Amino acid sequence: MEPIVFNRPENTPTLADVLPNCVAAMQGESGSLGLPAVRGVVVVLVDGLGESLLRTRGGHARFTVRGWQPEEIAVSFPSTTVAGITSLMTGAAAGAHGLVGYSIWDRRNGEYRNQLSGWGDGMDPATWQLRSTVFESLVAERAPISPVVVSTEDYRNSGLTQAALRGGAYHGAETMVERAELAAQLCRKLKRPLVYLYHAELDQAGHKHGSESGTWLEKLEELDYSVAQLLDQLPEDIGVLITADHGMIDIPHADQIDFTPPLLDGVVAIAGEPRLRHIYLEDGVEANALAQRYRDAEGERAWIFTRDELVATGLYGAEVAAPAFERLGDIVVAARDCVTYFGPEMPASMRLMVGQHGSLTNEETIVPLIRHGAFR
C-alpha cells in the first residue's frame, strides 16, 4: 500500500480541538465541533487507531463505527503518542506544549531524552511540558466539572502521565473492558464528569505484530466489545468521542534504511522516530548544505526540512515556543514512502517493530473522531 500524503480536507480539526469543545458542550456553549449540551463527556483515546485502519477494518468494530461519517476526522502531528496525547490534553499544538517527538537530543546537556518512557533527571514533567492542561485549568477555575483519567495502573506514575494528564483524578484498571466499565461507573457517580479513557493495546499489537496481523484484529474486536459495554452502561446524558493519537503503517524489515556518510558528516545525534528523524548538527555545521545532501539521497522517499522550514509549515502550530524550537532537529527527515530510517548506535529493539508511525502521511496523521452517546 502506497501512503497517501497531504490529502486532507480544509478546516479539519486537530486533536487540540477535542477537549475544549467537550468543555464547551458541558457548559452549554457552542464550539467548532458542534457538540450538543451534555452533563458529562467520555473521550476515548485508542492508541494507534488511524482513520484508514478503522475504515478498512470496520467490520471488526461494528459498535465503534456505528453512525460514523467519513468526514468525522481529526489531524494529529507529529503522529506519535507523546505529542498526540499532550495536544489532546492541553488543547495546544506540539510547538506550544514542547513534546515534539518520541525522543529528542538535549543540546544543553548533551544527552538523549526519551519523552515516552525515559523521564528522569533534568526532565521535570511540571516544567518540561510547557502548557497547562485542560484538566488543570478546570481545577484552577474551580469549574463544576470533575476531570478524570482512566488508564492502566502501569502508567499512573509515569513521566508522560505527570506531564500530559496533570489535573485529573487517576483511576486504573487492567483490561479494556474493565476500564470501560470503570469509566461508565464514574459517569454514574459524578455530577459533571469529564473522563479521559485510554487504551494502549491496539498500538502495542501493531508495533509487535503489524496492523495487518490477526493479533491486531483480535485487539480491535476486544476494543469494540469494550465500546459496546461503555455505551450500554453510560447514562443517556453523557457524550462520547472516540479518537486516536496517530495511525500506523507496517514497514517490512527489508525497507529499513541506514544513514551512512556523507549524510552523517557533522551530525552529533539522531533522534525522533523511525519515520520522522530529527538530525542534530555540530556547532558551525551549515544545515542548508547538509539538508541538500539528504534531499539528493532521499528526496523521492522522504520530505527533508531544515528546522526553520519545518516551523514555517505550521505543522507544529502557529507559534513554536523557544524550548520546543530548541528540541527540534536542525534537519528533519519525514518518510514519504513505506520506509524507516536508522542511524548508528540505535536500539536494536526499534528495528523489531513492524507497525510504525510519526510522519506526515494520511495513514499516520488522520484519526477518527466518532460521536456516540449524547453526541449522536
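**Exercise 1. How far apart are the mean positions of the positive and negative charges of the protein chain?**

Start with the ground rules: this is a predicted model, where local features need pLDDT of at least 70, side-chain atom pairs count only at pLDDT 80 or more, and totals for chains, interfaces and linings use all residues. Residues are numbered from 1 along each chain as its sequence is written, and side-chain values use heavy atoms, with hydrogens and water left out.

Step 1: decide what counts. Lys and Arg are positive, Asp and Glu negative, while His and the chain ends are not counted. Each charge is placed at NZ of Lys, CZ of Arg, CG of Asp or CD of Glu.

Step 2: For 31 positive and 50 negative charges, they lie 5 Å apart.

**Exercise 2. Work out whether the radius of gyration of the protein chain agrees with that of a compact globule.**

Step 1: apply the rule, 2.2 Å times the number of residues to the power 0.38, with the radius taken over C-alpha atoms.

**Exercise 3. Describe how helix α1 (residues 18-26) is covered.**

Step 1: count. Eight of the nine residues of α1 are buried (under 20% relative accessible area; exposed is over 50%, partly exposed in between, with a 1.4 Å probe and protein chains only). Helices are DSSP runs of H or I with at least four residues, strands runs of E with at least two, numbered from the N terminus.

Step 2: find the cover. Elements in contact (heavy atoms within 4.5 Å) with the buried residues of α1 include β1 (40-46), α4 (81-90) and β7 (193-199).

Step 3: look past the end. Gly-28 follows α1 and has a positive phi, near 75°.

**Exercise 4. Is Arg-142 buried or exposed?**

Step 1: Arg-142 lies in the loop between α7 and β5 (146-151).

Step 2: check the backbone. Phi is positive, about 55°, although Arg-142 is not a glycine.

Step 3: read the accessibility. Arg-142 counts as exposed because its relative accessibility is 77%.
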